[in-house]
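This report covers a sheet, the helices on it and the contacts of some aromatic rings.

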Amino acid sequence: MKFYDNPPRSEWSDICRRPAKSAVELHAVVRGVIEDVRKRGDDAVRDYEQRFDKAALSDLAVSADEIKAAEAAVSDELKEAIHLAAANISRFHEAQRFQPVRVETCRGIVCEQRSVPIEKVGLYIPGGTAPLFSTVLMLAIPARIAGCSDIVLCTPPRPDGSCNPAVVYAAHYAGVTRIYKIGGAQAIAAMALGTASVPRVDKIFGPGNQYVVAAKQLVSLEDVAIDMPAGPSEVEVIADSTSIPQFVAADLLSQAEHGVDSQVVLVSDDRAMVDRVLAAIDEQLPRLPRREIAEAALANSKAVLLQSRPEMTAFTNTYAPEHLVIATEQYDDIASGVTHAGSVFLGPWSCESAGDYASGTNHTLPTKGYARAYSGLCLDSFMRKMTLQHLSPAGVESIGRAVELMAAAEGLDAHKNAMTVRMDYIKQHKTEDNK
C-alpha cells in the first residue's frame, strides 16, 4: 500500500482516483459480441460459451432435474446459512415498501404517486474462482418482494455444462423464474435483446468482470435499463487509536481478495495505528488462499494519515467509497458527517463481510465514486414510480389560465389550446345553465 503522510487537500482528488483502464478496445470487442447475438441469437451464445467457458451446450436453460441435483449437492449446513441470510435480507427489504401518495394540490386537482414493479428483470451472477451465490439472494429477493413477474438469471457454466450448485440452489430458493447457463458479455446481450431461449428483460442487475460491465454499459444506451454504473470492488476503513489492528487488516484484505483491480484504503489520524495495521496485513496475507490476488490489489491501495476526525470525514466524502468501515469506538461522531458512501459499517464488530452475506442490507453498491449520486440496490431498484392526476372542472378553473400563459410563453400553442377548449366548454355550459 502506498502511504500518504498528511497530504494537503489539494492532493486528495488525485489520491482518491481509482486505477483507470482504457475502454476503447474493450468496447469494440464487446460491441461485436452484442451484434453477433442480435443477429444469430442462441447459436451465437452457444459459440461463445464453447469459446470462453469451454462448455458445449445443447440446452441453455437449467432443467428441473439439474435444480434437484444442485439441491442435493449443497450441504444442509450451507442451506441453513443461505436460509438465515435470505430471511434477514427479506426482512430488511420488506420494510422498504413504498407508501402511495395522494395529494389535493389545489381545488379540484388530485395528484397521486404509485409504485409498480418492473415486469421482467435479468440477474447476472459471475462464476469463475468466486461464484457469488450470495449475490443471487441480494438480487432475487428484492425482485420477488417487488412483484417482478419474470426473474431471469444467467450464470456461467462449468466445462461439463453444469452450473455452481450453490448458485442454482440459491436462485431456486429465492424465487428466480428461469436460470440459464450463460456467462460474460453474451449473457448480457441475450437478456437485453432476447433470443429463442432467453426472454428479453426490461432491466439488468448484477456484477461482473470488465466485459460484463462494458456490455451492460453498451446495452443501456438503447436496449435495456441497468442497475448502476459499476467498477471493481472497494473498501475504505477509518481507524484511530481505539481500533483493533487485526480487525482493520482483516477488513482490508477481505475486499482485496475480490480481484486484482480491487482497491482498499486505510484512513487514520494515528501513525502508530497505521503501522500496526500494515504489520497485521503482512501477518495475515500469507495465510490467504487468494493471497496473490490480494497482493495485486494492495498495489493499487493506499494508507492515508490525516490530522483529525473532521479531516477523515472530509476525505471520505471526497473518496465516496463503495463500502466504508468506521472501525472506531466513537463511530457516530464520524458517521454523522458522512454523506458519500454506498454502505457504512459502524464500530469494530461490524465487518464488511456481514453486509456481504447475512446482516440484511444489500451488497450491490455503487463503486468508482458513484456513491456521490447513486444509491445501493434496494426495493425501489425493482420498482417504477407512476404519477396520476385527476382534474375536475373546478381544477381546470384553478390552473387553466396559468397553463395557458405558460404554454403561450413557450410557443406551444397546441398545449395552450388543450386547456383553452376545456375552459371555453365550462364557460359555455355555465352560461347555458344560467339561462
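A residue counts as buried under 20% relative accessible area, as exposed over 50%, and as partly exposed in between. The model is predicted. With a relative accessible area of 29%, Phe247 is therefore partly exposed, whereas Trp349 has 69% relative accessibility and so counts as exposed. Trp12 and Phe315 are both buried.

Trp12 is in helix H1 (residues 12-15) and Phe315 in helix H13 (residues 309-319), so their pair ties together parts 303 residues apart in sequence. The other listed pair links distant parts of the chain, 102 residues apart: Phe247 lies in helix H10, and Trp349 in the loop between E13 and helix H15 (352-357).

Charged side chains also meet rings. Arg18 lies over the face of Tyr319, 3.8 Å from the ring centre. The charged end of Lys385 is over the ring of Phe98, at 4.8 Å from its centre.

The sheet is open and has six strands in the order E1-E11-E10-E9-E12-E13, with parallel pairing. Its edge strands are E1 (2-5) and E13 (343-346). Neighbouring strands are turned by 15° against each other on average, direction ignored. E1 pairs with E11 (residues 302-305) over four bridges, and Leu305 in E11 is the bridge partner of Asp5.

Helix H10 (residues 245-256) lies across E9, E10 and E12, and runs at about 170° to E9. Helix H11 (residues 271-284) packs on the sheet and touches E1, E9, E10 and E11, with its direction at about 150° to that of E10.

Technical notes. Residues are numbered from 1 along each chain as its sequence is written. This is a predicted model: local features need pLDDT of at least 70, side-chain atom pairs count only at pLDDT 80 or more; totals for chains, interfaces and linings use all residues. Side-chain values use heavy atoms; hydrogens and water are left out. Two strands pair if DSSP finds at least two bridges between them. Helices (H or I, at least four residues) and strands (E, at least two) are DSSP runs, numbered from the N terminus. Axes are lines fitted to C-alpha atoms, for helices over the stretch in contact, and angles run from 0 to 180 degrees between N-to-C directions. Contact means heavy atoms within 4.5 Å. Buried means under 20% relative accessible area, exposed over 50%, partly exposed in between (1.4 Å probe, protein chains only). A charge sits over a ring if NZ of Lys or CZ of Arg is within 6 Å of the ring centre and within 35 degrees of the ring normal.
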